[in-house]
Amino acid sequence: MRVLRRSGHPVTTPRDLAHLSDEAVVALVARAEEGALGELYDRYGSTAFALSLRVLRDRGLAEDAVQDAFLTVWRRASTFLPERGRASSWLLTLVHRRAVDLVRREERHPADPLENDEGLGEERSAEDSAWLRFERERVQAALARLPDQQREVLELAYYGGFTQSQLAERLGRPVGTIKSQMFAALSRLREGLEPQPSEEPWRTR
Amino acid sequence: MHELTAGYALDALEPDEARAYESHLGRCAPCREELAELGDLTEALAHAVPAAAPPAELRRRILAAARAESRPAGPGRPRWALPAVGLAVTASCTALVLGVLAATRPSPARLRTLPLRGATGALVLSGDRSAVLIVSGLRPAPGGRTYEIWVMKGATSARRAGIFSDTGKTARVRLSRRVETGSFVGVTLERAGGVTHPTGAPLFRSAPA
Ligand SMILES: [Zn+2]
């Protein structure tokens, strides 16, 4: 297990974690198994960092947010309730919340989070895993199908860290409109993430 | 309060609103359910950002910080329950699949898809041989059982590559093992927790990689 080799602190019994579900790994984290925390990081560390960097646009702050979130998982794993959602959703929610807290505290909102992307482009697409690539392309395609105003509200809120009131002011729309556009955007995104039966059948590329 | 759910899921409420909503959540089961569903969507949004590699030392730093904290282990109660539901494979509904890939943009390092035999879906392969299994119309695993994925070669070699129980309309499962050239992927139904060798022939399999 990588953590043991690297750290030289054999505090946990090595075991094969790769075949466990995320939820089972979190259950081991709840028993203070450091190797399980490492496994969770190996599964979601890059996604967590990419999300954090997208919101914060600063590598140092992005690392801080990711570290805080993983330590929160370490402390609170025993309070995780699988019936309230997947472990990965929980972890990424913690990362996002921390990143948004930091972006608000630092007042680092960029002029426009939909542009100004220099230096934040794809970094290692060639070695990216099939899973990350597949999910990214799937969700980006669903986002692209949203009406412009809904997509704008969703992206500014989630990736820009703007609150509903800030968005109302910034976009010159009533808060009620922002709220309903946000709700509508999520509903349409959900539909858009469902398989599209009308489209082409599988083709082997 | 219910109308705050979307804003809360996106972390887009003002702090006082967020606090009020959280205390409402404790009393309102429908809001808890809706929020859990929205968790899937915010997770999807998290996956849509451009790839970025964290520095290698971040992992070490996090584990060192965790080790430094004295933390009592949580109570040893069971934390997950498998859904107990009926049969395994349904007839494949025709339409199901899956404009998913068809709808996505062509990308520089291509993802390859291998068709499945015995189920509707595909195995998606990246250049680094990592893989995602996508399968539609699969019933959730019955109580006490789980689907187990194998990377297989020839008639005798089968190495475990992950388990899944919750299938939804279309299950997307990341394999924990790479799929080398000449191997294929098969799925069996096994006891909960998985086994180290398949107990029967695959319910369905991919074409060879
Ligand atoms: Zn409610």
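The legends below describe close-up views of a predicted model. Local features are given at pLDDT of at least 70 and side-chain atom pairs at pLDDT 80 or more, while totals for chains, interfaces and linings use all residues. Residues are numbered from 1 along each chain as its sequence is written, chains are lettered from A and ligands numbered from 1 in the order in which they are written, and side-chain values use heavy atoms, without hydrogens and water.

**View 1. The zinc site of chain B.**
Four residues coordinate the zinc ion at 2.0 to 2.3 Å: B:H2 through ND1, B:H24 through NE2, and B:C28 and B:C31 through SG. Donors are N, O and S atoms within 2.8 Å of the metal (3.2 Å for Na, K and Ca); water is not among the atoms, so sites may look incomplete. The arrangement is tetrahedral because the angles between the four donor atoms run from 88 to 128°; the term requires all angles of four donors to lie between 85 and 135 degrees. Along the sequence the donor residues follow the spacing H-x21-H-x3-C-x2-C. Both B:C28 and B:C31 are buried (buried, under 20% relative accessible area; exposed, over 50%; partly exposed, in between; 1.4 Å probe, protein chains only).

B:L41 belongs to helix α3 (residues 29-47) of chain B; helices (H or I, at least four residues) are DSSP runs, numbered from the N terminus. Its relative accessible area is 4%, so B:L41 is buried. Residues up to four places away in sequence aside, B:L41 touches A:L186, A:L189, A:R190 and A:L193, contact meaning heavy atoms within 4.5 Å.

The side chains of A:R97 and B:D11 form a salt bridge with an N to O distance of 3.0 Å. The term covers a side-chain nitrogen of Lys or Arg within 4 Å of a carboxyl oxygen of Asp or Glu. The pair joins two chains because A:R97 sits in helix α5 (residues 87-106) of chain A and B:D11 in the loop between α1 (5-9) and α2 (15-25) of chain B. A:R97 is partly exposed at 29% relative accessible area, whereas B:D11 is buried at 10%.

**View 2. Salt bridges within helices of chain A.**
A:E135 and A:R138 pair at 3.1 Å, N to O. They are three residues apart in helix α6 (residues 130-144), so about one helical turn separates them. A:E135 is buried at 3% relative accessible area, and A:R138 is buried at 8%. In helix α7 (residues 148-158), A:D148 and A:R151 are also three residues apart, and their side chains meet at 2.7 Å, N to O. A:D148 is exposed, with 57% relative accessibility.

Conventions. Tetrahedral: all angles 85-135°; square planar, octahedral: opposite > 155°, others 65-115°.
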